[in-house]
Amino acid sequence: MLKGRHLIDPMDFTLEELDEIFELAGDIIDHPVKYSDSMKGKLLATLFYEPSTRTRFSFEAAMLRLGGQVIGFSEPGSSSVSKGESVADTIKTVGCYADIAVMRHPKEGAPKVASMYSEIPVINAGDGGHQHPTQTLTDLLTIKTEKGRLSDLTIGFCGDLKFGRTVHSLIKALSRYQGIKIVLISPEELMIPDYIRNEILINNNIEFKEAERIEDEIGSLDILYMTRVQKERFFNEDDYIRLKDRFILDKEKMELAHADMMVLHPLPRVNEIDYEIDEDPRAMYFKQAKYGMYARMALMLKLLGVK
Amino acid sequence: MLRINSIKNGIVIDHIAAGLGIKIFQYLGLDKADYTVALIMNVDSKKLGKKDIIKIENELDLDYTVLGLLDPNITVDIIKENVIREKIKLSLPEKVENVIKCKNPRCITSVEKYIPNIFHLVDHSAGEYRCTYCDEIYKVSDL
């Protein structure tokens, strides 16, 4: 039963519950008109403590396309947060007005805190470098729809694997499916954190390898998940400049990949995927963004128990 | 040599690493006790070289989980009518609340102070705890 629940961590839902969401998302994709009034009278609060146009638009579009409405803030400076209001007080107040809330926060664990004090479902839309479970839903829905399965896949992750929360969340989620192989391609400075390596990969006996060059690994992959090296995650600008261009996907590298390999990216891209790849049918990242909206539509319908 | 009389009914917390006694004294709230309590520091010990001991002349129901976290070598004896009636075995608690603080500067607990600091034991043999909010891992030996 998903009604009344929160989504804070990608592991909050069972595989069966995820399937419920994917099934509903599939039906929304096939019959969008059927759902255009489903959320009439419902209000989504978007609490964005750091800027994120894409995720916020995705949630807002999802709610509006379901016939609901949206309130919220997109930077803390324009809200009571700038007066020093705590996360707990904010969510308690917002719960008086809205039916469901989505929160992005620069501090890790903030949405979890909100869920502890909230009367309404809280969705984590990214907390610092930590988790981003609705991006994971998006990624899983994209893979399931486009590949037809979530098992027996070799998935390469490339770029910033240390601070890339979408990567952490997706690896956690994939670890529950059969026959998953993971290839981690990153510079040494941005390698996957120990807790993902030890608790998720090693403890679940997931086959994985770590590599430093895209071209060495791309030929064995079903999916290549690219990430950008985010400037805001660095304490030091020199480190950022030194590392940002090292892992760029271009036409030459794509020639080494299978004809049905799929390129995913949580977006926005900076320069890690060459624009000439956009025309390649294997480039799935813009379609992935559309799947993200459908995944969020299905998620909100389930959390509010709307039929 | 300093002499502290044995207790009739109460608790003896022994084999505390020297220097840790005062912390435990405070964690258990013994600094506010209105009954007889002794904190004995730097006692000669064959096993530890030096150790601290706490003696409590009162029948109390204490939360010993904190002791297991601070130092699993600590022993706790329950005394009744001058005789040791029970030895409590300490182990690492599954959940620790408001005993340790997360040191991750990116964790929400670093800026919002009302939030309870909660840690869960993730690896018993390695003595590792994870912050429930940011997933940062801490070894007991580093705490």
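## Basis of the description

Helices (H or I, at least four residues) and strands (E, at least two) are DSSP runs, numbered from the N terminus. This is a predicted model, in which local features need pLDDT of at least 70 and side-chain atom pairs count only at pLDDT 80 or more, while totals for chains, interfaces and linings use all residues. Residues are numbered from 1 along each chain as its sequence is written, chains are lettered from A and ligands numbered from 1 in the order in which they are written, and side-chain values use heavy atoms, with hydrogens and water left out.

## Chain B

Chain B contains two helices and nine strands. Along the sequence, these elements follow the pattern β-α-β-β-α-β-β-β-β-β-β. The C-alpha trace of chain B spans about 50 × 35 × 25 Å along its principal axes. The chain is divided into domain 1 (10-89) and domain 2 (95-142), with bounds that come from an automatic or database domain assignment. Taken over C-alpha atoms, the centres of the two domains are separated by 25 Å.

Of the 143 residues of chain B, 45% count as buried; buried means under 20% relative accessible area, exposed means over 50%, and partly exposed lies in between (1.4 Å probe, protein chains only). Contact means heavy atoms within 4.5 Å. Among contacts in chain B between residues at least 6 apart in sequence, 55% join residues at least 24 apart.

One residue of this chain, I53(B), belongs to strand β3 (residues 49-57). I53(B) is buried because its relative accessible area is 10%. Leaving aside residues up to four places away in sequence, I53(B) touches V12(B), I13(B), D14(B), I16(B), A38(B), L39(B), I40(B) and V43(B). From I53(B) to I74(B) the C-alpha distance is 9.4 Å, and the two are 21 residues apart in sequence.

## Helix α6 of chain A and K172(A)

Helix α6 (residues 165-174) of chain A is mostly covered, with 10 of its 10 residues buried. Among them are R165(A), H168(A) and K172(A).

K172(A) counts as buried because its relative accessibility is 7%. Not counting residues up to four places away in sequence, K172(A) touches D9(A), P10(A), M11(A), Q131(A), Y195(A), I196(A), I200(A) and D135(B). The side chains of K172(A) and D9(A) meet in a salt bridge (3.1 Å, N to O). This pair links distant parts of the chain, 163 residues apart: K172(A) is in helix α6, and D9(A) is in the segment before α1 (15-30) of chain A. D9(A) is also buried, with a relative accessible area of 16%.

## Salt bridges

A salt bridge is a side-chain nitrogen of Lys or Arg within 4 Å of a carboxyl oxygen of Asp or Glu. The structure holds 24 salt bridges over all chains. In chain A, R213(A) pairs with E215(A), the closest N and O atoms being 3.9 Å apart. R213(A) is partly exposed at 44% relative accessibility, and E215(A) is partly exposed at 29%.

In chain B, a salt bridge joins the side chains of E97(B) and K95(B) (3.6 Å, N to O). E97(B) is partly exposed at 39% relative accessibility, as is K95(B) at 46%. A network of salt bridges links D194(A), R197(A) and E210(A).

## Aromatic rings

Rings of Phe, Tyr and Trp (its six-membered ring) pair if their centres lie within 6.5 Å; planes under 30 degrees apart count as stacked, over 60 as edge-to-face and the rest as tilted. Five aromatic pairs are found over all chains. In one of these pairs, the rings of F157(A) and Y225(A) have centres 5.5 Å apart and planes at 45 degrees, so the pair is tilted. F157(A) lies in strand β5 (residues 153-158) and Y225(A) in strand β8 (residues 223-226) of chain A, so the pair ties together parts that are 68 residues apart in sequence. Both F157(A) and Y225(A) are buried.

A charge sits over a ring if NZ of Lys or CZ of Arg is within 6 Å of the ring centre and within 35 degrees of the ring normal. R269(A) lies over the face of Y275(A), at 3.8 Å from the ring centre. The charged end of R296(A) sits over the ring of F59(A), 5.0 Å from its centre.

## The interface between the chains

The contact takes 18 residues from chain B and 20 residues from chain A. Together the chains bury about 1400 Å², 55% of it on carbon and sulfur atoms; buried area is the accessible area (1.4 Å probe) that two parts lose on being put together, summed over both. R106(B), Y114(B) and Y133(B) supply 39% of the area that chain B buries against chain A, more than any other three residues.

Between chain B and chain A the count is two salt bridges. R106(B) and E108(A) meet through their side chains in a salt bridge (3.1 Å, N to O).
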